[in-house]
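These are my notes from a first look through this structure. I began with the overall build of one chain and then turned to its parts.

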Amino acid sequence: MKKKKIIVLKDVWKIYRMGDIQVEALRGLNLEVEENEFLAIMGPSGSGKSTAVNMVGCLDIPTKGEIFLDGKNIAHLEESELAQIRGRKIGFIFQQFNLIGTLTALENITLPMMFQGIPKAEREKKAKALLEMVGLGDRITHKPTELSGGQQQRVAIARALSVDPDVILADEPTGNLDSKTGLMVMDFLKKLHRDEKKTIVMVTHDQRIAKQAERIEYLHDGRIVKSFDSDSFHEVEDYHDNMKKAVKKK
Amino acid sequence: MIQEHFKLAVKNIRQRKLRSWLTMIGIFIGIAAIVSLISMGEGLRVAITSQFGFLSTDVLTIQAGGVQMGPPGTGVINPLTVDDTEKIGKVAGVKASISRIVRSADSEFNGRRNMAYVVSIPDGDNRREVERIANIEIDKGRLLKDGDTYSVVLGAKYGTDDIFGKPVSVGQNIVINDAKFNVVGIAKEKGSFIMDNAVVMNDETMRELFDDDEKVDIIAVVVRNVNEMDDVQERIEKLLRKERNVDKGEEDFSVESAKKALETLNDTLFAVQLFVYIIAGISLLVGGIGIMNTMYTAVLERTKEIGIMKAIGAKNFDIFVLFFIESGYLGSVGGAIGVTFGALFSLFLSFIGNAALGSGLIRAYFPWWLIPGALLFSFSVGSIAGIIPAIGAAKLKPVDALRYTK
């Protein structure tokens, strides 16, 4: 049975204007992600990875092109509609964890559910279960500053899962973690993909992390330049090194 | 839902205790000033107005020495006399011309002394007129009648513990300026400071007590027709100028209708109050700007947080509400503290006024609208100040907000 395409980007352009200069962050990006797929987007810095993932996550709209999320074109929606889609369908995991400092671990996890109007008792029950799942059941009342980086990212993962989204978007999820903690976080993501059947799109510049995914799309100058599947993962390292050198020469 | 936003907003305020307090002080001072100034101003107005209450509209009041706020007859060089009263009685349009003596005296009862405000009441037909125009009604005992010597009717306050620590009853004796008086009646409460504290005695007794046959402190003139008030006033003024040998514009006496005096006084009080409101308004405006400044800082400081909240599904409205509640809360709490302090301050002032100065004019009066009005107002100031920053916060683009670094 052919799998449903949950994310489709068709000829997506994003052009920023910085004073007089136009910056083309995305230049005709085409990308398809199937349901329950674990995709890594790689590329040197400035290649447009984060811009691409922000588009998918409804955080930004393209200058040109179409983006379909679960069959719905989101390229031209208003902010209020985008916010609703974000709240229900997308779970974000950021490099800097982005937990809210004034709130406890539990409150951070309940916040997305609050914006969805889920009743308090239900929210707290679910948030506790999620904290248990990420192994932080004993850190309920801890504030982010009282948690280690790895713990914070696990709280962020629990938060991303709280509204039971279809898609998890992870932007350099291990970028601020040491390699051991990073691998632990990756194990969580893989588990979510395997057991919870989540679609995961992860942005990284680290090829070791990227190889944890099922497929790698390599982005350069705002478009996909090469795709790797598990059979060709061994080529990623050389390709990436060459690309980095090319970018530096420029 | 809004309840949740509220909790979140309050959490944010608590997080920034010092700044929140400092911001609230701005509102607090303004509201405290408004509440105390208005309550004192209203108290003064009520106190003064009620003292005019015993004067009917068909009465002209004549005093020597111009208009003054102190007890009538004090410090007057050329006092009015019984003779003046009689002459005024003959002026066309005058129904009755009544001499009244108004003095302060030393009273004693239950081993305690008090400064009493003693007024005279004349014999005959004029007795009815004074009872009418001064609105004297009896609560216990009876009114004075012709021929009552060394008898008094006391104001309603004497029937309470307020003056001598225990109520004076009908039939008991009270000492005034070392003379013994029999209490024949206690008047009904009128809400007027003067009336409720007054000691009323017959004219004859009062002249004996103060050893004074001639002087008159106030001449109360009842006119036949209220419409002729101005004409009668002119005639009396003309007569008195001639009698006292003064030119027009240099009168050492005043002829006033109670209504007009009250209007003049109210105009003055209004001007004072307006001034006070403007000053308090300015301080509130400054408080509001303080809130706005704090909210702008809060938005800037929490730009990233706004981005995070948007990323996890907060709508523009959610963000707006969060910041709006925060500023409204700063305004309301600042206002509530201000109301409390303002009210306590004016109660304290009126306590000082009563206890130390013995003045009934310094007292706090809280009109029903003052406290809810002040709270509503402070909430409005806070919310209005927060609207623009809150809109700014709500409109932030999620990507830009997320990328924001301090």
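**Entry 1: chain B as a whole.** I first counted the secondary structure of chain B and found 12 helices and 13 strands. I then asked how spread out the chain is. The radius of gyration of chain B is 31 Å, whereas the globule rule gives 22 Å for 406 residues; chain B is therefore more spread out than a compact globule. I noted throughout that this is a predicted model. Along the principal axes, the C-alpha atoms of chain B fill a box of roughly 95 × 50 × 30 Å.

**Entry 2: burial and contacts.** I looked up what share of chain B counts as buried, and the figure is 42% of its 406 residues. I also examined the contacts in chain B between residues at least 6 apart in sequence: 82% of these join residues at least 24 apart.

**Entry 3: domains.** Into which domains is chain B divided? I found domain 1, made of 2–51 + 263–403, and domain 2, covering 56–256. Taken over C-alpha atoms, the centres of these two domains of chain B are 48 Å apart.

**Entry 4: a sheet of chain B.** I followed an open sheet of four strands in chain B, whose order is β3-β12-β1-β13 and whose pairing is antiparallel. At its edges stand β3 (94–100) and β13 (253–257) of chain B; each has a single partner strand, so one side of each is left without a neighbour in the sheet. On average, neighbouring strands of this sheet are turned by 20° against each other, direction ignored.

I then looked at one pairing in detail. Strand β1 (residues 59–64) and strand β12 (residues 218–223) of chain B run antiparallel and are joined by four bridges. Opposite B:I62 stands B:I219 in β12(B).

**Entry 5: helices on the sheet.** Which strands does helix α7 (residues 229–244) of chain B touch? I found that this helix packs on the sheet and touches β1, β3, β12 and β13 of chain B, with its direction at about 170° to that of β13(B). Helix α3 (residues 82–89) of chain B lies across β3 and β12 of chain B, and runs at about 170° to β3(B).

**Entry 6: the contact with chain A.** Finally, I looked up the contact between the chains, which takes 20 residues from chain A and 17 residues from chain B. On the side of chain A that touches chain B, the elements giving two or more residues are α2 (79–89) and α3 (105–115) of chain A. The largest share, five residues, comes from α2(A).

How values were computed
Residues numbered from 1 in each chain as written. Chains lettered and ligands numbered in written order. Predicted model: local features only at pLDDT ≥ 70, side-chain atom pairs only at ≥ 80, totals over all residues. Domains from an automatic or database assignment. Contact = placed C-beta atoms within 7 Å. Rg over C-alpha atoms; globule rule 2.2 N^0.38 Å. Buried ≥ 20, exposed ≤ 12 C-beta atoms within 10 Å, placed from the backbone. Pairing = 2+ DSSP bridges. Axes fitted to C-alpha atoms, helices over the stretch in contact; angles between N-to-C directions.
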